[in-house]
Amino acid sequence: MKRIGIGIIGHGFMGHEHEKMLKDFEGIRLVGFADKDPEQLEDVSVGLKRYASNEELIRDPEVDVVLIACNNNQHHDLVIQVAEAGKDVICEKPVAMSLQELDEMEAACKKNNVRFTVHHQRRFDPDFRTAKAVLDSGTLGSVYTIKNSLYGFNGNMHDWHVFKSEGGGMLYDWGVHLLDQVLWMMPGVKIQSVFADVRNVINFEVDDYFKILMRFENGIMAEVELGTYYLADKVQDKWFERHWFVGGNRGTAYVDGFFPEGKIVRTAHLLENVGGKRTMTAAGPTRSFGPAPEGMILTEPLPEVHTSHENYFENYVRAYHGEEEFLVKIDETRRVLRLMEAARESARTGKSIAFESVE
Ligand SMILES: NC(=O)c1ccc[n+]([C@@H]2O[C@H](COP(=O)([O-])OP(=O)(O)OC[C@H]3O[C@@H](n4cnc5c(N)ncnc54)[C@H](O)[C@@H]3O)[C@@H](O)[C@H]2O)c1
């Protein structure tokens with residue numbers, strides 16, 4: 001089968017990541033890079049093309065698909081430019097900076113009959129897949145809470161990430177991943193309402209902290225929380241913390257770190273409330289935080305998951321040849337953008353925002 005020729009616009013951080021991944025990838029031929037800053041092309045690998053302009057890359061007959069890996073505020077115009085040239089396009093996340101931008105991008109792709117998808121490789125993160133496997137297994141019983149969080153220590157954003165006009169801020173940066181993961185964990189389940197706090201803790205223009213609560217129609221309250229500015233005195237030991245917490249009536253899952261460690265703690269059968277009974281603890285009698293009866297708490301390892309970011313492009317290759325669907329649908333990315341808009345509105349007004357109507 002013919003290898004898919006991919007040309008990439010943007011040879012910054014993510015351009016380099018794509019170069020490492022795709023240089024030698026089954027079914028793909030990485031053709032080359034364009035970047036508006038020629039210095040960024042100096043270290044492009046030998047054997048790959050360095051284009052003098054985006055237009056030259058897009059026109060190259062060896063390029064079947066263009067991957068956009070530029071600052072967020074460039075996605076709209078570049079996707080439309082690629083679509084108008086009749087080429088398929090993959091765009092980095094966040095796909096767009098607003099719903100209007102996304103509508104225009106999608107319309108251009110439809111008009112020109114080109115295929116359009118978004119790089120959401122974090123659907124293959126081991127921590128996320130582990131939390132999802134725990135939820136899907138039913139081992140926690142009836143789940144009522146999911147928390148998906150990431151904290152940066154003494155961290156600061158830099159470069160274009162601190163400018164609003166360039167699409168900076170952590171909602172656009174990590175918020176899209178954390179929200180996309182939670183939505184993809186529960187496909188088809190509607191969100192009744194959103195309540196959020198979105199703040200600029202130390203940045204003038206853009207958000208660097210958010211907490212977003214989503215009430216799902218299946219009874220689960222999901223929370224995503226991120227901050228780049230948590231202070232730690234032993235920063236050499238840690239520069240971030242990544243956590244999932246999933247709570248059900250029969251168990252709790254702790255999933256910590258990108259390559260997660262943790263455990264499932266669950267009960268053999270439901271713990272019961274025993275009216276009128278007090279438990280003696282070292283701190284005195286309690287009716288609410290007493291220890292469970294002996295033998296009822298079981299600790300189990302987290303399930304093993306086999307997942308890697310390469311899976312994203314493996315799906316792309318198969319979907320390109322019509323063997324399956326593209327993993328990331330534009331409507332899914334639209335829902336994430338809508339959620340971010342609802343979160344901003346909730347933070348601005350201090351009110352909970354109705355999101356999807358539930359019959
Ligand atoms: N999927 C992920 O996990 C992930 C991770 C990091 C970044 N990203 C996304 O990748 C994109 C790029 O982020 P980055 O961290 O690589 O930024 P970066 O600043 O390191 O690189 C961006 C590059 O694009 C070039 N560029 C900007 N506008 C251009 C234009 N109009 N034409 C040609 N080149 C242009 C810049 O010169 C720069 O070299 C962003 O949308 C970001 O959100 C995704």
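Okay, let's start with helix H3, residues 75–84: its buried residues are His75, His76, Leu78, Val79, Val82 and Ala83. Keep in mind that this is a predicted model. So what do those buried residues of H3 pack against? Quite a list: strand S1 (4–9), helix H2 (54–59), strand S4 (65–68), strand S5 (88–92), helix H4 (99–111) and strand S6 (116–119). And just after H3 you get glycine 86, with a positive phi of about 80 degrees.

Then, in the loop between H4 and S6, we have asparagine 113. Asparagine 113 isn't a glycine, yet its phi is positive, about 55 degrees. Buried or exposed, this asparagine 113? Exposed, because asparagine 113 has 9 C-beta neighbours inside 10 Å, and the cut-off for exposed is 12 or fewer.

Aspartate 159 is another non-glycine with a positive phi, about 60 degrees here. You'll find aspartate 159 in the loop between strand S7 (143–153) and H6. With 11 other C-beta atoms within 10 Å, aspartate 159 counts as exposed too.

Now, helix packing. Helix H6 (residues 170–185) and helix H8 (residues 330–349) have axes that come within 10 Å and cross at roughly 120 degrees. The crossing of H6 past H8 is right-handed. On the H6 side, the residues involved are Leu171, Gly175, Val176, Leu179, Asp180 and Leu183, and they meet Glu332, Arg335, Val336, Leu339 and Met340 of H8. Sorted by class, that contact comes to 7 nonpolar, 1 polar and 3 charged residues.

The contact between them uses 8 residues from domain 1 and 10 residues from domain 2. On the domain 1 side that touches domain 2, we have 4 nonpolar, 3 polar and 1 charged.

Last, the ligand. Where does it lie relative to the two domains? Between them, because domain 1 and domain 2 both give residues to the shell around the ligand. There are 26 residues surrounding the ligand, and the closest are Gly10, Gly12, Phe13, Met14 and Glu92. Helix H1 (residues 13–22) gives the most to that shell, with 3 residues. As for the make-up of the shell, we're looking at 7 nonpolar, 11 polar and 8 charged.

Terms used:
Residues numbered from 1 in each chain as written. Predicted model: local features only at pLDDT ≥ 70, side-chain atom pairs only at ≥ 80, totals over all residues. Near = placed C-beta within 6 Å. Helix = DSSP H or I, 4+ residues; strand = E, 2+ residues; numbered from the N terminus. Nonpolar A, V, L, I, M, F, W, Y, C, P; charged D, E, K, R; others polar. Domains from an automatic or database assignment. Axes fitted to C-alpha atoms, helices over the stretch in contact; angles between N-to-C directions. Left-handed = near helix turned anticlockwise from the far one by under 90°. Contact = placed C-beta atoms within 7 Å. Buried ≥ 20, exposed ≤ 12 C-beta atoms within 10 Å, placed from the backbone.
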